[in-house]
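Please look at the ligand and its surroundings before reading the points below. They are meant to be followed with the structure open beside you.

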Amino acid sequence: MAAVHLVILGRQGSGKGTQCVRLVEAYGMVHVSTGDMLRSAVASGTELGREAQAVMDAGNLVPDEVVNGIVAERLAMPDVVEHGVILDGFPRTPVQAQALEGILGSVGTPLAGALNLDVPVDVVIGRMLERGRVDDTEEAIRLRLDLYESETAPLLSWFEDRGMLRVVDGLGSEDEVFGRLCTIVDGILA
Ligand code: AMP
């Protein structure tokens with residue numbers, strides 16, 4: 001199967017994590033999450049981790065040039081070159097999207113599409129409240145979702161302007177949503 005390079009966008013509680021696992025199983029691409037990479041750098045106390053920790057604790061974005069650097073390194077690794085990637089949590093800003101274009105240009109595989117797993121705000125709030133974690137008060141959830149909204153809105157236009165945005169209805173059962181994602185990915189691969 002040809003290596004496919006995709007971006008996945010979706011609010012917290014959209015089911016993005018679960019669907020990424022299933023996409024990786026079905027299509028064999030590598031799941032690259034910048035949040036996971038940064039958290040593991042923090043846990044192992046690398047220089048990057050020390051730099052990122054305070055920013056992450058404050059709920060802010062790590063500087064573009066730092067994140068662009070770790071993504072460029074990761075995407076040049078042989079597993080991604082061979083199997084493609086599903087990028088999760090990156091790009092977060094139009095500057096990062098621009099950088100991604102450059103990075104993929106240099107590895108010779110353009111971005112195939114940006115999948116936006118769309119679940120309405122009220123539905124994700126309900127799902128998170130059901131989960132019942134102590135930091136999941138309705139106010140904290142709304143704050144995180146507002147941040148996501150303001151971060152992501154410019155990105156959606158960025159991908160849309162380039163004809164790369166694919167909106168996937170994230171309502172319904174896990175299988176139904178996965179089926180919709182597969183239809184889109186199959187279309188991209190065809
Ligand atoms: P996430 O798990 O994607 O919510 O990411 C957790 C935290 O890592 C975010 O709140 C940011 O501080 C940082 N982070 C992850 N991805 C990025 C990115 N693409 N650009 C800047 N900061 C990021």
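**Notes on the ligand site**

1. The model is a predicted one, in which local features need pLDDT of at least 70 and side-chain atom pairs count only at pLDDT 80 or more, while totals for chains, interfaces and linings use all residues. Residues are numbered from 1 along each chain as its sequence is written, and side-chain values use heavy atoms, with hydrogens and water left out.

2. Thr-34 has a side-chain N or O atom 2.8 Å from a nitrogen atom of the ligand, and a polar side-chain atom of Gln-96 is 2.9 Å from a ligand nitrogen atom. The ligand alone exposes 480 Å², of which the protein buries 81% (Shrake-Rupley method, 1.4 Å probe).

3. The ligand is surrounded by 13 residues, each with a heavy atom within 4 Å of it. Helix α2 (residues 34-43) provides the largest share of this shell, 4 residues (a helix is a DSSP run of H or I with at least four residues).

4. The ligand takes up the space of the largest pocket, meaning that more than half of its atoms lie within 2 Å of the pocket's grid points. A pocket is an open set of points on a 1 Å grid over the protein atoms alone, where a 1.4 Å probe fits, with protein on both sides within 12 Å along at least five of seven lines; lining residues have an atom within 4 Å of a point.

5. To the lining of the largest pocket, α8 gives the most, with 8 residues.

Technical notes. A polar contact is a pair of N or O atoms within 3.5 Å; within protein, one must be able to donate a hydrogen and the other to accept it, and residues adjacent in sequence count only if both atoms are side-chain atoms. Helices (H or I, at least four residues) and strands (E, at least two) are DSSP runs, numbered from the N terminus.
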